[in-house]
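Let's take a walk through this model together. Have a look at it first, and then we'll go through it piece by piece.

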Amino acid sequence: MQTKEYFDEYYQKNKEKILKKQKEYYNNVGKTKRVKYNEDNRERINEYYRIYHKKRRKELGISERVNEGKVSWMKKIIKRDGAFCKKCKTTKDLTLQHIKPRCIGGEYSYDNLEILCQTCNIKDYHQLVKKALTYYFKNK
Ligand SMILES: [Zn+2]
């Protein structure tokens, strides 16, 4: 009779053999199957991630123009400052803005980033040029 004890005993006796076989199966069949699945469904997987990131951006109120690499940065800054524009307090179309502009050596760092909405960001552009020039002449 093949009871649980029988299988336990069989497993203990042949543990190494069984594990070796499992590993072999994984390395040959399992892995190949997974790689093949990924290759065959590349477009489907990409589409899945595209939709996933789109949903995440929508949940956080982040602008469509913000690329995926910046989303994690935005999450950090949102955690610190809250999910709204620093100037007009809107919660829609949020973007990242450098306090000290990049063009004059402002860093892509935690302390140099703030949240602005797209409208304020564009309005801020002229201020930015002014700011850039001021920085430039101050530190010349
Ligand atoms: Zn705003």
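This is a predicted model: local features need pLDDT of at least 70, side-chain atom pairs count only at pLDDT 80 or more; totals for chains, interfaces and linings use all residues.

Residue numbers run from 1 along each chain as its sequence is written.

Helix 2 covers residues 15-40, 26 residues in total. (Helices are DSSP runs of H or I with at least four residues, strands are runs of E with at least two, and both are numbered from the N terminus.) From first C-alpha to last, helix 2 reaches 35 Å, close to the 38 Å expected at 1.5 Å a residue; that expected span is 1.5 Å times one less than the number of residues. Helix 2 lies largely in the open, because the number of its 26 residues that are buried is zero. Buried means that 20 or more other C-beta atoms lie within 10 Å of a residue's own, exposed means 12 or fewer, and partly exposed is in between, with C-beta atoms placed from the backbone.

Now move along to helix 3, residues 42-60, which reaches 27 Å over its 19 residues, close to the 27 Å expected. Helix 3 is hardly covered either: one of its 19 residues is buried. Just after helix 3, Gly-61 takes a positive phi of about 75°.

Zooming out, the chain is divided into domain 1 (4-60) and domain 2 (66-138), with bounds that come from an automatic or database domain assignment. Their C-alpha centres lie 42 Å apart. Four residues of domain 1 are in contact with seven of domain 2, contact being C-beta atoms, placed from the backbone, within 7 Å.

Finally, go to the loop between helix 4 (68-81) and strand 1 (94-98), where you'll find Lys-89. Phi of Lys-89 is near 65°, a positive value in a residue other than glycine. Lys-89 counts as exposed, because it has 10 C-beta neighbours inside 10 Å. Asp-93 lies in the loop between helix 4 and strand 1 too, and has a positive phi of about 50° although it is not a glycine. With 18 other C-beta atoms within 10 Å, Asp-93 is partly exposed.

How values were computed. Two residues are in contact if their C-beta atoms, placed from the backbone, lie within 7 Å.
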